[in-house]
Amino acid sequence: MSRRTLLRGAAVGAGAVALPSVLAACSSGPGGVTMGSNASDPVPKKAFAAAFTAYEKKSKKTVRVNTVNHENFQENINRYLQGTPDDVFMWFAGNRMQYFAQKGLLSDISDLWRDFDGFSEALKKQSTGLDGKQYLVPYYYYPWAVFHRKSVFRERGYDIPKTFDQYRALAQQMQKDGLVPFAFGDKDGWPAMGTFDYLNMRANGYDFHIALLRGEKSWNSPQVKQVFDLWRGLLPYHQQGANGRTWQEAAQTLAQKKAGMTVLGLPHPGQQFSAADREDLDFFPFPEIDPAHGQDAVEAPIDGFLMSKKAKDRDGAKELLKFLATPQAEDSYLKSDPNNVAVNSGADTAAYTPLQKKAVQLVSGARQISQFLDRDTRPDFASTVMIQAIQQFLNKPDDIDGLVNDIERQKKQIFSAT
Amino acid sequence: MPNLRARRARRPGPRRYTRRDRLVLGVLLGLPILLDLALIWGPTFASVGLSFTTWDGIGDIRWAGLNNYDHLFTGYPQFWPAVRHNLLWLAFLGLLAAPFGLLLAVLIDRGVRFSRFYQSTLYMPVVLSLAVVGFIAQLILSRDQGALNAVLGSKNPTDWLGNPGLNIWMVLLAAGWRHTGYVMILYLAGLKSVDPGLKEAAALDGASARQTFFRVVLPTLRPVNVIVGVITVIESLRAFDIVYAVNKGRNGLELLSVLVTDNIIGEASRIGFGSALAVVLLLVSLGFIVTYLVQELRGERRR
């Protein structure tokens, strides 16, 4: 190799290093609003595309979508928002939005909210930062509940349990009948969090749950120990080996009628059911533990759109957000993704499946709405402490004291760090 | 006399460099040095510095003293298991996979039938990335849908990858599968270069096959042994992709590299704490690097 080709090679190499940032810079030039999308799965990707096309048709403007793999989007969100973010991007409500608002990485859209129509007070609260300003346009939500197959319940004559005792008795009966009472997978770390949230909200109430996740209550308190204790009582009815199973595999056991129930979010089991069986899918709200709290709280994570602080085309971004807050925008999305529920009360519910209608009822009847464990607390606490702690609990359910002391010690360290 | 002068003329004397030469030297030496400083030393020292702070990647960097280290050693349940797993990895690859690779190399070098076939089969996993090996392992070992449990057909399936006492061994087997092939190829190359005369001489002296191997062949393979040792250490310390592919390095598959990633990548990064973990990994690596360098330099002097 001659010296010249070597040097040329070096220049090419340096170009390869610099290229991604050059490309990134290109993507936010003029010529339409840019949209950072984490909707990398085929169904939502297509559904979002339908919504953006509806906007393009209406406004005669273009939306340029940069889709990133869902997990990668989440992992890189820090650098993404500090680098050259798209004008508008998809993200979550609640604590996970407030965190970035507090860091000054989001644009205040309170002026848009003044003209918004059809959003409930609870939705506004979930779209509001700690400074009282709004940052999110909520788009859809999906409640968590106990899913089951209607036909299985009908054939075996099972009743919908209202209280925890009935719930446990039903699980016992299913086991006798040769079913796995609860399909359960926690390989990804987060699916079991939904069960924890419900046990805690039913036993100790929404306020305690949220205070606990904000770091204001201690994890080694008798209340939290009681939650793990209740859970331990249910574990013999759960599908064994949860830490090696994905939620998809767990939902399939429900679809195959090998399991009787599962605690998941609305989009999850639906995706694993064949189109013919989807009619057979049903849910009931997580049963009551303490009558003082009843079934008041519903876990319903909200996804939506935010405008980055560094948005280039601010007017275009606001116009797009305004459109996305309309019922029509949600309708065009839900036409191809019936696994979620629109947030806007003006959205067309005529086309809803019975399951979607039931989900609307469940959430509108709720006195409190929680987001999800990893959305109601600090993400670093959720991902480096709680995922591991719950998996450890599933392996060794008998050492609750050791477990909660471990969590509390780490919580103090993390919450005091910043 | 003319002879001497001729030799002197050939010796590289004090030579004048032209501007062009200097420019070329400057670019060819300077660029790598700059890159080395910017890409290796810069981040290294930054990590060491950051490990004494708390920083979430967005806001202010605040001094924390030894807090991170204190929390690491006493309050972080994943830390000691990760250290243990890294050491187990080293022991497994170094004491089982690498010697096994040597054994295979010797067998193939003896010229068993179909040796080319064995060679290529055993070498095949080396071209796969460990992440891919991890995906293959999941297809085989998954509890409900894996091939192995289907073949075994037991009523109570074994949770090969979900049971925290079991999964590390399964992953080690998969990683060892690849490492063995890697080591085998290196030794095969080394064995080809062993002078057959040495073996003949040993045979004339009445040495048994075992004696010939351990006293004659293995010592002449010293350079290869060193390389295999270095590769084994590197593979054990940088092990990451396979456990991350299997279950993100949780629930029994913790490794130092995974903990660093867990804490630094993501929404609300604990960059200070993650850096402290990285510094621990750096110190462990330095231990091996320094030992290696000392050995090499001593060997150089002896030669």
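Is A:Lys257 buried, partly exposed or exposed? A:Lys257 is partly exposed, at a relative accessible area of 34%; buried means under 20% relative accessible area, exposed over 50%, and partly exposed in between (1.4 Å probe, protein chains only).

This is a predicted model, in which local features need pLDDT of at least 70, side-chain atom pairs count only at pLDDT 80 or more, and totals for chains, interfaces and linings use all residues. Residues are numbered from 1 along each chain as its sequence is written, chains are lettered from A and ligands numbered from 1 in the order in which they are written, and side-chain values use heavy atoms, with hydrogens and water left out.

**View 1. The loop of chain A that holds A:Lys257.** This loop runs between α12 (247-255) and β7 (259-265) of chain A. Helices (H or I, at least four residues) and strands (E, at least two) are DSSP runs, numbered from the N terminus. A:Lys257 is not a glycine, yet its phi is positive, at about 60 degrees.

**View 2. The loop of chain B that holds B:Phe114.** In chain B, the loop between α4 and α5 (115-123) contains B:Phe114. Its phi is near 60 degrees, a positive value in a residue other than glycine. B:Phe114 is exposed, with a relative accessible area of 54%.

**View 3. A:Pro138 in strand β4 of chain A.** The strand covers residues 136-141. A:Pro138 has a relative accessible area of 0% and is buried. Contact means heavy atoms within 4.5 Å. Leaving aside neighbours within four places in sequence, the contacts of A:Pro138 include A:Trp113, A:Phe119, A:Leu123, A:Ile302 and A:Val343. A:Glu56 is 82 residues away from A:Pro138 along the chain, and the C-alpha atoms of the two are separated by 20 Å.

**View 4. A:Arg96 and its contacts in chains A and B.** A:Arg96 belongs to helix α4 (residues 95-102) of chain A. With 5% relative accessibility, A:Arg96 counts as buried. Leaving aside neighbours within four places in sequence, A:Arg96 touches A:Gln74, A:Trp91, A:Asp374 and A:Arg375, and also B:Glu267 of the other chain.

View 5. Chain A has 19 helices and 12 strands. Its radius of gyration is 23 Å, close to the 22 Å that the globule rule gives for 418 residues, so chain A is as compact as a globular protein of that length. The radius is taken over C-alpha atoms, and the rule is 2.2 Å times the number of residues to the power 0.38. Of the 418 residues, 56% count as buried. The C-alpha atoms fill a box of roughly 75 × 55 × 50 Å, taken along the principal axes.

View 6. Chain B contains 14 helices and 2 strands. Its radius of gyration is 26 Å, whereas a compact globule of 303 residues would have one near 19 Å. Buried residues make up 41% of the chain. The mean pLDDT of chain B is 88, and 94% of its residues reach 70 or more; pLDDT is the predictor's confidence in each residue, from 0 to 100. The model scores ipTM 0.84 and pTM 0.86.
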